[in-house]
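Good morning, colleagues. Please look at the model on the screen while I discuss its charged pairs and its surface.

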Amino acid sequence: MLQNNIVVGVVGSGAMGAGIAQVAAMAGHSVVLFDSNAAALEKAKNNLTATLNKLQEKGKINNATEIIGRFSFAAEMGAFKDCGLIIEAIVERLDVKKAVFSELEKIVNADCVLATNTSSLSVTSIAAACTKADRVMGLHFFNPAPLMALVEIIPAVQTEPSLIPLAKELMLKWGKAPVITKDTPGFIVNRVARPFYGEAIRIYEEGIADIATIDWALTELGGFRMGPFTLTDYIGHDVNYVVTETVFSSFFFDPRYKPSFSQKRLLEAGWLGRKTGRGFYNYAEGAVMPEPNKDTALGQQIVDRVVAMLINEAVEALHLNIASAADLELAMTKGVNYPKGLLQWCDELGAEEVLDTLDQLYNDYHEDRYRASVLLRKAVNEKKKFI
């Protein structure tokens, strides 16, 4: 299982599937890339060939032809029969994924590991579609897979425990930064990052600041690479909003993850962000981008509120053993490029200051959204640091 020389299969030749296939091939594996859509498969083949040749032209690799030769492009799942690992990267629909896993099990050998690249669905539920559910796990890559280092390794309830360290070792050999996380909604990144979007939109909806000012504050004063409105426009509201809605419902409608009407309306209007030319910002030719209000006091108020919410989410994930402190820090710096790990950030600010911010918000709003993690409160009472 998960030997260095295994043949790797990938289900789905879209951007994510093709990206994962490229990573595996560049790590030396023979790769079977499957898609039932012949046009999509041909497009992936052409794109992969062009990408690898371009990497060679830039001097980043010297063996493009050799890597391209490791690919097999398949229109039938029967091509997976000799694979030792198959990674599914298709539409985020539980019924479709379960059907694919059930079909895969009829084709592959008993030692083949089946992995899903789901970003928000239950790995345990997907594994339940298989008779041999102990060989199913989550391997969540981030887009674009060849460039993003983070991979979340998610054991299902049924996963054979010995597979997890093997998966971690394999991902390290692929040049990735693997973290291990419990099978809970959003795993690490898509759970812990929710307040970056949700609280920023809340600040905007309340009229405390406009979108340009909030983006300015979180980039210039907070040190984030992109502001939340720029980032959601870049991701696409059809993706970002749906993840928020999925996490919210999966957490039994915990108000900490509540979606916003502002973003839902953009989705309904078809204003999905950069790809449609309109989102929170207008990207049409000649459109003038709004100027932020560079009031440092206001900006710091925004940063303090959003960062406190992010820290609280990371601390709560630690409290519930979703992941280790080290993996939580690695996930947020490698997965969403935060300027520092949130637990380290809490230590630097002081847990007491973070708790004061949250308690003040709770006192003002009387919403469970702002409840502080018991572990944060303990850190203050016991004067402990997280890192």
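Buried here means under 20% relative accessible area, exposed means over 50%, and partly exposed lies in between (1.4 Å probe, protein chains only). By that scale V239, at a relative accessible area of 39%, is partly exposed. This is a predicted model, in which local features need pLDDT of at least 70, side-chain atom pairs count only at pLDDT 80 or more, and totals for chains, interfaces and linings use all residues. Residues are numbered from 1 along each chain as its sequence is written, and side-chain values use heavy atoms, with hydrogens and water left out.

I turn to the salt bridges. The term denotes a side-chain nitrogen of Lys or Arg within 4 Å of a carboxyl oxygen of Asp or Glu. The structure contains 24 of them.

Which residue forms a salt bridge with R70? The partner is E66, with the closest N and O atoms 2.7 Å apart. R70 counts as buried at 17% relative accessibility, while E66, at 46%, counts as partly exposed.

R202 and E367 also meet through their side chains, at 2.4 Å from N to O. R202 lies in helix α8 (residues 194-205) and E367 in the loop between α16 (351-365) and α17 (374-381), so this pair ties together parts 165 residues apart in sequence. Helices are DSSP runs (H or I, at least four residues), numbered from the N terminus. R202 is buried, at 17%, and E367 is partly exposed, at 25%.

Finally, a network of salt bridges links R191, D254, R256, E313, D368 and R371.

Conventions
Helices (H or I, at least four residues) and strands (E, at least two) are DSSP runs, numbered from the N terminus.
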